[in-house]
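Please read it beside the sequence and the model.

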Amino acid sequence: MKLEDFISAASFELHQEVTWQAPSNIALIKYWGKYGEQLPKNPSLSFTLNQCVTTTTIDCQPNSSGRLSFSFEFEGQAAPEFHPKIDQFFQRIIPFQPWLKQHHLNIKSSNSFPHSSGIASSASAMAALSIGLMDLERQGGAAISESYFYQKASFLARLGSGSAARSVQGPLCVWGETPSIPESSDLFAHPISTSVHPSFQDYQDAVLLIDKGTKVVSSSQGHALMEGHPFAERRFEQAHQQLALLKRAIETGAVEQFIRVVESEALTLHAMMMTSQPYFILMHPNTLAVIHKVWEYRKANTSALCFTLDAGANVHLLYPKAEKEKVNDFIARELSVFCQSGQYILDEVGSGVKKV
Ligand code: DP6
């Protein structure tokens with residue numbers, strides 16, 4: 001698929017309301033560094049989550065002004081603070097959905113997880129909005145195949161937030177062209193469900209909320225700091241190699257290899273932050289305390305428990321369903337003390353967007 005394939009020629013006037021739910025995702029191979037219009041400097045691969053979701057209703061009405069207009073409510077309240085981000089998103093996607101210019105959209109959105117939890121909500125939010133827009137495009141009469149529907153939703157979501165491209169489908173999605181996955185693309189994420197070993201189909205993700213405060217450096221600023229970063233080029237190459245290793249581990253059920261790559265990626269992401277100019281640290285002392293506890297736990301038990309980190313202090317713990325009871329008990333007894341207000345979220349791998 002090329003960029004031009006995503007330009008819709010459809011022109012219509014629609015009175016229609018749609019509601020879609022999209023999950024968050026957790027990257028195993030990290031996207032860190034971008035160029036052009038939301039294109040990744042390296043490929044990434046993620047587990048799609050199940051419980052951490054954004055639900056978005058779009059009420060679409062004809063508008064004769066020739067310019068798209070919208071209103072936005074978050075959790076039942078007008079939320080003007082989100083307007084600049086949504087406005088930028090629409091400016092980017094209008095060339096691909098010109099029918100938007102004939103409409104006014106009333107958008108209402110809410111999250112299943114606390115907004116202040118530090119969980120990246122932009123991925124689920126942009127994915128929910130994008131899939132809703134694709135539903136409207138389809139209802140407007142555009143001839144759309146099933147695969148194009150999801151690919152273009154991922155393409156649009158990417159223009160809102162890079163990692164959102166990976167929140168449309170599941171349980172594992174790759175975004176960014178890489179030789180080990182010939183179907184991969186920089187333009188949208190691709191699900192790799194067919195070749196996932198059973199060991200990885202029911203993975204659990206416990207999100208430990210270590211620090212719910214606002215991050216000192218946003219993801220956008222962090223991506224920008226990869227420009228001119230002394231280790232950037234080597235890191236981008238490494239992501240391709242790690243992705244190939246991880247893909248093989250996921251196909252063959254090689255749990256130890258999976259752990260080695262996933263934990264290395266988490267620490268590499270934070271190493272890139274610590275070696276940026278200006279340098280910064282998003283981990284918290286409790287992030288490190290949890291990491292050491294996980295390593296001790298693995299030493300003392302036959303366990304596949306491992307950790308990954310997003311661009312913040314929170315820790316995601318990944319483990320097979322077979323270990324759910326034991327690990328959840330370990331979290332409650334020994335790790336919840338490191339969480340802000342003792343809070344954590346138990347989630348698992350999911351399959352992507354759902355129409356409500
Ligand atoms: C560390 O997708 O939030 O979570 O494209 O600027 O919206 P923008 O960035 P964003 O970056 C996510 C970075 C990450 C790694 C990942 O999810 O792959």
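Helix α8 (residues 324-335) lies across β10, β12 and β13, and runs at about 155° to β12. Helices (H or I, at least four residues) and strands (E, at least two) are DSSP runs numbered from the N terminus; axes are lines fitted to C-alpha atoms, for helices over the stretch in contact, with angles from 0 to 180 degrees between N-to-C directions. The model is predicted: local features need pLDDT of at least 70, side-chain atom pairs count only at pLDDT 80 or more, and totals for chains, interfaces and linings use all residues. Residues are numbered from 1 along each chain as its sequence is written, and side-chain values use heavy atoms, leaving out hydrogens and water.

**The sheet**
- Four strands form an open antiparallel sheet in the order β11-β12-β10-β13, where pairing requires at least two DSSP bridges between two strands.
- β11 (306-309) and β13 (344-348) are the edge strands, each with a single partner, so one side of each has no neighbour in the sheet.
- From one strand to the next, the twist averages 25°.
- β11 is joined to the antiparallel strand β12 (residues 315-319) by four bridges, and phenylalanine 307 stands opposite leucine 317 in β12.

**Helices α1 and α3**
- The axes of α1 (residues 83-93) and α3 (residues 146-160) come within 8 Å and cross at roughly 130°.
- Lys85, Phe89, Arg92 and Ile93 in α1 meet Leu156, Leu159 and Gly160 in α3.

How values were computed:
Contact means heavy atoms within 4.5 Å.
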